[in-house]
Amino acid sequence: MGLVLLCVIWLITFVSTYFFVAKTWWLPTGASAAAAAIDHQFAITFVLMGIVFIAAQLALGLFAWQYRDTGSGKGASYSHGNTRLEIIWTTLTAILFIGLNLAGGPIWARERFQPAQEDATRVEVTGMQFAWYFRYPGPDGKFGVTKPELVDPSTGGEGALGLDPADPASKDDVVTGIMEVPVNRQVEVILRAHDVIHSFFVPNMRFKQDAVPGLAIHMHFTPTETGDYEIACAELCGLGHYKMHGMLKVVSQDDFDKWLAAREAEKQ
Amino acid sequence: MVAQESHEHAAPQGFIRKYVFSLDHKVIGLQYYFLALTAVFVGMVLSLLMRIHLVWPSATLPLFGDIKPETYLSLVTMHGTIMVFFVLTTAPQGGFGNYFLPIQIGAPDMAFPVLNMLSFWTTFVAFLVMVAAFFVVGGAPLHGWTGYAPLSALPSAGPGEGLGADLWITSIALFCVASLMGALNFLTTTLDLRARGMSMMRMPLTCWSWFITAILGLLAFGVLLSAGILLLMDRNLGTSFYVPLGTVNGQLTGHRGGSPLLWQHLFWFFGHPEVYIAILPGMGVASQVLSTFSRKPIFGYKAMVYAMLAIGLLGFMVWGHHMFMSGMSPYSAFAFSIMTMAIGVPSAIKTFNWLGTLHRGRIQFDSPMLFAIGFVSLFVSGGLSGPFLAQPTLDIPLHDTAFVPAHFHLIMGVAAIFGIFAATYYWFPKMFGRMMNERLGRIHFLFTLIGTYCIFMPMHYLGLAGQPRRYSQLTEVAYLHHLIPLNRFITYAAIITVTAQLVFLFNLFWSMFKGPKASDNPWRATTLEWTTATPPPHDNFAGRTPVVNHGPYEYSVPGAPRDYIMQTDPATVAAH
């Protein structure tokens, strides 16, 4: 049985590791400024944890076989442990885990501590069961007031957000069902939710943030590749959670300006 | 160590007092165990239905017919809730803890037998209330086992959020009350009823694990109970603890000013210690079994105790790591993250010491040992994905993807279940007086170990590829389409693994009646439960009061006549 255990544990270890190393299933292609750093931090963590994983599993399988009772009458060694080994082991793991953590700190700080730049494209993202709505402030640069009592999803985007027509700032607000942004410019997203918690997850942008009722959460990311990227909801929000998806289109600045101007024109 | 006489009660006569409303911790332990066994099969069938629907959304199932998205989510909710509360909390602590804590410390019963009975029957009622949620209008709730508000607070937020959700919260509140009673009992028993010579540092590591689990339970369940009561008030009395101004489908909810994040803080203040409540007893059992079947003292007994204490303490300071993406202050993420990484250190110590126990041992591969070795393997695999999720930076791609269920299923799900299996095979002879079948035990072990790895290892890959949790279908989001074949593989593995559990069930019930008779100490083990009759008499030691002269894991002591010294053996049996 010792040999069986060795084979099974080693086989599990090698097969599991193979699919990670071969990247058969892997992080989606990164298309934002943060992607490289996040993926690098992931890779470091992966290599270090991978080494510990392989070493521990191989040792476990090996010991099970090597120290099996062979019936030779040879007794087990009598030992209550080894304090020096314990101290070495504890220190090493503490350095490994805390060090890993500190290495990832600056990336988090860059993504979450700093506010968005002044010239960022501002988009308000609102989640509700089971759709995403995107709002652009228009030429005045101001978002109009929204009121919960005005919310009426049956009247299209502006009604769904409860945009107050009496507010002058709301006149030029553009509400869309897809999110379009220019490439290589920071995007400031302002996340809101009407009913329950949703989560705005754009795997290619390495971006995820919950949208929480009652809060307006300001976040930012910088797309670096043009293309169409899927948005998924990552927080359980009800029976339609699995189909609450949207589309992020990253285009050139020119194309973005034309698109936004066309949406403005439609409104007039 | 107060006078034990006051806790003794005469052996009851009559079926009801003996087997139903029993005060005997052994009967209560078995009641908990069989409740958990029932619950685990319910929970497992639910997970199977989920897996089938996920990859064949249009399949019609027996009993269920078509599974709708909301049905899928109620399966998710009930699977998680039943498994966490009625299996992982109930079997290791309520079941084995109740049965063996008093015997292992040399006590005739728990400190408060009536409280003990009450705590079981409250848990039982809680289970009935939980299952009842399936049968009310709207069905079981769809808010997941974490019950995030406002989804869980607004009956209009979806089917199942009506009466089903009220039953769900009520059941959890009852469970909290039962667990608080249980925790008090465990703490008092451990502190006051130890036999002469049974100092804290001579307790088996199982007793330490139950003791620390009880401390965690006492501090955590009270918070969940309060949070649950507030949630019930939001739902039924018009308060707004968790719900801000907002609308559902264009209708104002009538609430204003509440904070959805408050629920998450309260829930995870309970929820994170809860994962240690599930796994600590497994650590205790693994230590006990690894030492016994390696015929070696446990490597670093004191380090094991301190590591468990450290895990318990740190476990209360890390709840925020579930909330890195929640809108909580990004600064606090740093503190939660460092604390979480720090838990890796005592966890690594434990793994190291288990390997150290095997090293230069004389290993016997009886079924309990196989599951203990499996426990270590799963603990390592599940544990090492922790440092990914503990980093807020990596939670950006990984949070709420399949990577998370992969992580916690391996460690607090399957590893803890392996702990329960190891305990079952190990203590079955003592509990039922018969041996389980070894050949069936091995078959069960190999299918379960390989099967669970086939289920949960690929979930890491799915999470990396960005598959969100709790999606009832993968057809609506284009980038998920290429993950369907791997998901099918997981479903096949789940069907095979669940089927293999029938081998265990058969072995359990067949051996109960037909297994070969067990001796008092079939594993040649050292702790007190092996010094008494099989099964133990009503007062555990037939009127004797054991006196303890040795530590719990004295195996292969040089110069001793046998390769083990029982804790009650005379002090002179060997100088060490």
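User: Which helix does I349(B) lie in?
Analyst: I349(B) sits in α9 of chain B, residues 330–358; helices here are DSSP runs of H or I, at least four residues, and strands are E runs of at least two, numbered from the N terminus. Keep in mind that this is a predicted model, where local features need pLDDT of at least 70, side-chain atom pairs count only at pLDDT 80 or more, and totals for chains, interfaces and linings use all residues. Residues are numbered from 1 along each chain as its sequence is written, with chains lettered from A and ligands numbered from 1 in the order in which they are written.

User: Is I349(B) buried or exposed?
Analyst: I349(B) is buried, because 22 other C-beta atoms lie within 10 Å (20 or more means buried, 12 or fewer exposed, in between partly exposed, with C-beta atoms placed from the backbone).

User: What is I349(B) in contact with, past its neighbours within four places in sequence?
Analyst: E86(A), W89(A) and T90(A) from chain A, plus A303(B) and A307(B); contact means C-beta atoms, placed from the backbone, within 7 Å.

User: OK, zooming out: how many residues of chain A are in contact with chain B?
Analyst: 87 residues of chain A, against 98 residues of chain B. On the chain A side, α3(A) gives the most, with 14 residues.

User: And what classes are on that side of chain A?
Analyst: 49 nonpolar, 25 polar and 13 charged. Ala, Val, Leu, Ile, Met, Phe, Trp, Tyr, Cys and Pro count as nonpolar, Asp, Glu, Lys and Arg as charged, and the others, Gly among them, as polar.

Technical notes
Contact = placed C-beta atoms within 7 Å.
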